[in-house]
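Please look through the sequence and the model below before reading on.

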Number of protein chains: 2
Amino acid sequence: MQRTAFFISDGTGITAESLGRSLLAQFSDVDINMQTKPYIDSLEKAQNLAAIIDATAVRDGQRPIIIDTIVDQQIRDVIRQASGFKVDIFSTFLEPLEQELATHSSYSVGRTHSIGSDDVYMDRIHSVHFALDNDDGARTHQYDKADVILVGVSRCGKTPTSLYLALQFGIRAANYPLTEDDLDEDGMLKLPKALAPHRHKLFGLTIDARRLAAIRNERRPNSRYSSMDQCMQEIEQAEALYRRLHVPYIDATRFSVEEISTRMIAETGLARRFSPR
Amino acid sequence: MQRTAFFISDGTGITAESLGRSLLAQFSDVDINMQTKPYIDSLEKAQNLAAIIDATAVRDGQRPIIIDTIVDQQIRDVIRQASGFKVDIFSTFLEPLEQELATHSSYSVGRTHSIGSDDVYMDRIHSVHFALDNDDGARTHQYDKADVILVGVSRCGKTPTSLYLALQFGIRAANYPLTEDDLDEDGMLKLPKALAPHRHKLFGLTIDARRLAAIRNERRPNSRYSSMDQCMQEIEQAEALYRRLHVPYIDATRFSVEEISTRMIAETGLARRFSPR
């Protein structure tokens, strides 16, 4: 038997969905079909959605779960009349917060998020282009402007992490690949020259050899580059380097890009330039 | 007088922060210092944080607001004893949800987010590299594999949007610049040849001329490229093209990257490959 959950918002739906998924993640034995319905910002859209919810209740034989962050009372009233179990975030928490803060809430959800402001917009554009310009060791002369320099073997996840840091937090993240070019006479990986003046900015990624081989195989099938032997060796060298130079590092196999990024911030005290919405 | 709010989580803190910011956005007349405290996953960390909260209460002369998504009861008890006004999301909503779903919740927050799984990981890597490989018209032979092709004048926000779509939703977004190279004899912008077979995949961005000039000025100060005249002309041409060919488009000046991306999905029915956490 299936249940349906609707995450409804008059804005992006990011908050309702994020909270809804967190709550429903606690019920792993229930098969829940989750649907996000953003931009429900008119009575007409609300009426159409209410009809969909009612039809879903009939189809499922169970009322859907409704998690919403709509502020407008009229729009909310339309949704409230649909056949659903309502998790009403705003009315549950806003009233107690009004008392605690001894003021009225402004009922203007989404407006106060400052990410649309010019400054934040510019910071974001800059950070994204910084990440792109400084991807994969393409340039090294801007490292004095970097907030952090991600290092790791080819295809261990440096690029997505750099971009996530840029988009979500405005952090300027360069990244530099660790390769065999930097092995010394004894076959030990040494710190690439371009990184030496910026050791304090380094943050390492590592990865499980099997996953790395799988990723590389899609790029260059059956090559030395994607062989298990090669992947294992490179990873071993990289981790040895991190330990020798006390570079903090994270295993990208175990964590999502969100987790890697937020852990980096928590561990190193990297400062965000803005906050995600 | 300042108040402090703590968004506390045993995971990334993304849910607690997202909800907390939405709730507190309703109180724009209160000056609230917001702090995210992720990875509070041990009693020791909780005790340290509780001490910080208590010290903040003394400093502010007002108890801080605490919004948390911690699941572990012992850890939560430590935070609960700190001097704060608690917005307790999980205990408020989990019990009614348990009744509605007629089952117990698994208290394993964060675990069920599937973004760490191999499939999602691969989808994400692919989408990010797709966006990078197909950035700014660099390649056009993969457009049959694109979910969407963003078009617009240089520096109107195509790249950050493509990357956000890739990272958050696994959507494969290429982007292609509209430039004077594609003006016809009458000085009218025509559809670039590479895009003609993929018209149904196009999505346009436009931007306010003043902001565009500001962005371009940082890149090439005092150039024709960044002059108001040039920016206005290019934007006019691009918008005329969208209208003529019925390409849906959004004004990137008015919306954040999150809003542009979620609006694109809502308007075009683009399918996500996974969901953000």
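## Two helices within chain A

In this predicted model, helix H6 (residues 158–169) of chain A and helix H9 (residues 257–268) of chain A have axes that come within 9 Å of each other and cross at roughly 70°. An angle from 65 to 115 degrees counts as roughly perpendicular, and H6(A) and H9(A) are therefore described as roughly perpendicular to each other. The crossing in which H6(A) passes H9(A) is right-handed.

On the side of H6(A), the contact is made by Pro160(A), Thr161(A), Tyr164(A), Leu165(A) and Phe169(A), while H9(A) contributes Val257(A), Glu258(A), Ile260(A), Ser261(A), Thr262(A), Met264(A) and Ile265(A). When these residues are sorted by class, the contact of H6(A) with H9(A) has 8 nonpolar, 3 polar and 1 charged residues.

A second pair joins elements of two chains: helix H7 (residues 209–219) of chain A packs with helix H5 (residues 118–133) of chain B at an angle of about 40°, and their axes are 12 Å apart. This angle makes H7(A) oblique to H5(B), because the oblique class takes in the angles that are left once roughly parallel, roughly antiparallel and roughly perpendicular have been assigned. H7(A) passes H5(B) in a right-handed crossing.

Which residues of H7(A) and H5(B) meet? From H7(A) they are Arg211(A), Ala214(A), Ile215(A) and Glu218(A), and from H5(B) they are Asp118(B), Tyr121(B), Met122(B) and His126(B). By class, the contact of H7(A) with H5(B) consists of 4 nonpolar, 1 polar and 3 charged residues.

## Aromatic pairs

A pair of aromatic rings is described by the distance of the centres and the angle of the planes. Over all chains, the count comes to 5 aromatic pairs. One of them is formed by Tyr242(A) and Tyr249(A), whose rings lie 4.9 Å apart, centre to centre, with 40° between the planes, and this pair is tilted. Tyr242(A) is buried, with a relative accessible area of 1%, whereas Tyr249(A), at 30% relative accessibility, counts as partly exposed.

In chain B, the ring centres of Tyr164(B) and Phe169(B) are 6.2 Å apart and the ring planes stand at 70°, so this pair is edge-to-face. Tyr164(B) counts as buried, at 3% relative accessibility, and Phe169(B), at 2%, counts as buried as well.

## Two alanines

Is Ala5(B) buried or exposed? Its relative accessibility is 0%, so Ala5(B) counts as buried. Ala5(B) is found in strand S1 (residues 2–8) of chain B, and, leaving aside residues up to four places away in sequence, Ala5(B) touches Leu24(B), Ile32(B), Asn33(B), Met34(B), Gln35(B) and Ile65(B). The C-alpha atoms of Ala5(B) and Gly84(B) are 9.0 Å apart in space, although the two residues are 79 residues apart in sequence.

Ala240(A) is found in helix H8 (residues 228–245) of chain A, and at 28% relative accessibility Ala240(A) counts as partly exposed. Along the chain, Ala240(A) and Ala173(A) are 67 residues apart, and their C-alpha atoms are separated by 23 Å.

How values were computed
Residues are numbered from 1 along each chain as its sequence is written. Chains are lettered from A and ligands numbered from 1 in the order in which they are written. This is a predicted model: local features need pLDDT of at least 70, side-chain atom pairs count only at pLDDT 80 or more; totals for chains, interfaces and linings use all residues. Side-chain values use heavy atoms; hydrogens and water are left out. Axes are lines fitted to C-alpha atoms, for helices over the stretch in contact, and angles run from 0 to 180 degrees between N-to-C directions. Helices (H or I, at least four residues) and strands (E, at least two) are DSSP runs, numbered from the N terminus. Angles under 35 degrees count as roughly parallel, over 145 as roughly antiparallel, 65 to 115 as roughly perpendicular and the rest as oblique. A crossing is left-handed if the near helix is turned anticlockwise from the far one by less than a right angle, and right-handed if clockwise. Contact means heavy atoms within 4.5 Å. Ala, Val, Leu, Ile, Met, Phe, Trp, Tyr, Cys and Pro count as nonpolar, Asp, Glu, Lys and Arg as charged, and the others, Gly among them, as polar. Rings of Phe, Tyr and Trp (its six-membered ring) pair if their centres lie within 6.5 Å; planes under 30 degrees apart count as stacked, over 60 as edge-to-face and the rest as tilted. Buried means under 20% relative accessible area, exposed over 50%, partly exposed in between (1.4 Å probe, protein chains only).
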